[in-house]
Protein chains: 2
Amino acid sequence: MKIESIGEFSLIEELSSLLPDGEDVIKGIGDDAAVLKGCRRDSYLLIATDSIAEDIHFRRSSGAYWIGRKSLAVNLSDIAAMGGSPLWAVVNFGIPSELSVQYCRQLYRGIAELAEEFELSVVGGDTFRSPDGIIISVTVVGEVEKKRCVFRDGARPGDVICVTGKLGESSGKHLKFIPRIKEARYLAESFSPSAMIDISDGLFADLDHICRASGVGAVIGEAAIPASPRLRGKSEKVKLRALGSGEEFELLFSLPESEIDDLLSYFVDDTGTAVTPIGKIIDDQGRRELIGRDGKVKPFPESGYTHF
Amino acid sequence: MKIESIGEFSLIEELSSLLPDGEDVIKGIGDDAAVLKGCRRDSYLLIATDSIAEDIHFRRSSGAYWIGRKSLAVNLSDIAAMGGSPLWAVVNFGIPSELSVQYCRQLYRGIAELAEEFELSVVGGDTFRSPDGIIISVTVVGEVEKKRCVFRDGARPGDVICVTGKLGESSGKHLKFIPRIKEARYLAESFSPSAMIDISDGLFADLDHICRASGVGAVIGEAAIPASPRLRGKSEKVKLRALGSGEEFELLFSLPESEIDDLLSYFVDDTGTAVTPIGKIIDDQGRRELIGRDGKVKPFPESGYTHF
């Protein structure tokens, strides 16, 4: 059987079910990062891991520096989505034999500068010859206070759904985004987000992940979604597709309604990043509704992207 | 500049020097695993990471189960080389689009069964489409009591050099080896190994790593090296090359001379694995001597293997 015939998510689910899980595992596969007992008494250890491959996640011509930076940034985004801080990273770098030393240097510079910016140490790695194309797999270990760890599965009916930044920019910024560590820490320290995820699969797909994990539904208003100025003048269809695209790396979270006024009063001033309420968590697990600009209710658009 | 022109070890050294290191890092790049402060007060956290790629580290036809198993086993071998125990693993799995679901399942079964055997949890991962060939990058997080952590750089003149198991079997067992976790823990708990490494680059290359890190030299006796029965009847030249081959995944360590009698009395009974003294650590940093079967002194043979 070919993988495309069962789909990537089913494959991951099936493979995950084969793997053993111990009692020190608070959350294994199925959130942005694994959450583990056994470090400091009041903290969890977090492990996030992600790979990027040439011609699938980036083109070689996009620049070695930015490709290296992205390989780390996607993992920092996952640590942020748990409310945590990164501590250490390891890098597995598959190098096609024709790649120049200069290219490798630039790529590592991209990793190193982002690591310095977010004060984590790169503590190990492996370089190997890749049969075809650059492959970078990065694993980041981080930490979060137990009481501040934000899972995907805590969204409750009545919570407000919010998103940081503006959406529809991923085609421009998917290599250059700033992982929302600072914003997530601020949120976890000053508010009580009930569920959080970073937008990597797309707004609608990632909100669906939160809903499934939490056993709830969601209604969002199309006009409320903060759109990039790049989308001005585009047709409604193009705009909607762009708003749902993957690799935005913004935070998508739910928050008790009682905290929304304070969030809107302080978040942007304290973090320098915009935050926008876009909808509500509802009780009905099956419902995923988008209220269009014309007031008509429609289902979430299909995100469509799949690796296989 | 092409990578082959500067060599893999120089590339790794140069790239490593670009990466930032914090004060919670006891040992970053340059040992079998990274050693980190910040977990339990009397323990270090360990992070090992390693990738295996099709047609470089294995052939697809060798069997999905064994390939999956190996991707985890090489990392357990690194955790063992620090004297530690594995806790958690994450798996990055690059899947060529033509690979069958059945193959993926078998590969994960190989990972899962080894994880169960060594009581660690597989807590996360990423699957992605690989442009060409299977690529598996595994990261293992482990733990070791501070006083039992064994680095590469502690070998002292007068220490006896020992190796577990028999060498010259890597062509047969490089996929099926048993990571020496049990043996390493026994050693770290009952003896005082001064330096340790797992044999992945080859006996002579890995002993050279210990010597460089520790600032010492080494003399070993060719006749003392425990040879696989497979090598019987082979020419001296073939035998010597096999004894120095990579991917043996046995432990190579140095031990104070005062502990050797006890080691030889108890190790094999307590672990079920052979241990053999093969030489001595000496003061002269530059010396790497092999005393041949004819009593003549020669330099270490070149290991020869390089990825680029």
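This is a predicted model: local features need pLDDT of at least 70, side-chain atom pairs count only at pLDDT 80 or more; totals for chains, interfaces and linings use all residues.
Let me begin inside one chain, where 18 residues of domain 1 of chain A are in contact with 16 residues of domain 2 of chain A. On the domain 1 side of that contact, α3 (64–81) and β4 (85–95) of chain A each supply at least two residues, and the largest share, nine residues, comes from α3(A). Sorted by class, this side of domain 1 of chain A, the one that touches domain 2 of chain A, has nine nonpolar, four polar and five charged residues.

Now to the pair of chains. Chain B can be laid on chain A with an RMSD of 0.0 Å, by a turn of 180° and a shift of 0.0 Å along the axis, and the two copies are thus related as by a two-fold rotation axis. How many residues does the contact take from each chain? The contact takes 66 residues from chain B and 66 residues from chain A. On the side of chain B that touches chain A, the elements that give two or more residues include α2 (8–18), β3 (43–53), α4 (101–117) and β6 (135–145) of chain B, and the residues of that side divide into 36 nonpolar, 19 polar and 11 charged. Because 100% of the interface residues of chain B are also interface residues in chain A, the copies meet through the same surface.

Let me turn to the interior. In soluble globular proteins, nonpolar side chains tend to be buried together. Here the largest nonpolar core has 188 residues, and those with the most contacts inside it are Leu46, Ile47 and Ala89 of chain A and Leu46, Ile47 and Ala89 of chain B. Taking Ala89(B) as an example, and not counting residues up to four places away in sequence, we find that Ala89(B) touches several residues, among them Leu72(B), Ala115(B), Val122(B) and Val140(B).

Next, a strand in chain B. Strand β9 (residues 217–221) of chain B has a covered face, made of Ala218(B) and Ile220(B), and an uncovered one, made of Gly217(B), Val219(B) and Gly221(B). β9(B) pairs in the antiparallel sense with strand β11 (residues 275–282) of chain B over four bridges, with Gly217(B) standing opposite Ile282(B) in β11(B). β9(B) also pairs in the parallel sense with strand β12 (residues 288–291) of chain B, over four bridges, and there Ala218(B) stands opposite Arg288(B).

In chain A, strand β11 (residues 275–282) holds Gly279(A), which counts as buried, with 22 C-beta neighbours inside 10 Å. Leaving aside neighbours within four places in sequence, Gly279(A) is in contact with residues including Ile161(A), Ala218(A), Val219(A) and Ile220(A).

Is Asp159(B) buried or exposed? Asp159(B) is buried, because 27 other C-beta atoms lie within 10 Å, where 20 or more are needed. Beyond its neighbours within four places in sequence, Asp159(B) is in contact with Ser194(B), Ser254(B), Leu255(B), Pro256(B), Glu257(B) and Ile281(B). Asp159(B) and Phe128(B), by contrast, are 31 residues apart in sequence and 47 Å apart in space, C-alpha to C-alpha.

Notes: Residues are numbered from 1 along each chain as its sequence is written. Chains are lettered from A and ligands numbered from 1 in the order in which they are written. Copies are superposed by least squares on the C-alpha atoms of residues with pLDDT of at least 70 in both. Two residues are in contact if their C-beta atoms, placed from the backbone, lie within 7 Å. Ala, Val, Leu, Ile, Met, Phe, Trp, Tyr, Cys and Pro count as nonpolar, Asp, Glu, Lys and Arg as charged, and the others, Gly among them, as polar. A residue is buried if 20 or more other C-beta atoms lie within 10 Å of its own, exposed if 12 or fewer, and partly exposed in between; C-beta atoms are placed from the backbone. A nonpolar core is a set of buried Ala, Val, Leu, Ile, Met, Phe, Trp, Tyr and Cys residues joined through C-beta atoms within 7 Å. Two strands pair if DSSP finds at least two bridges between them.
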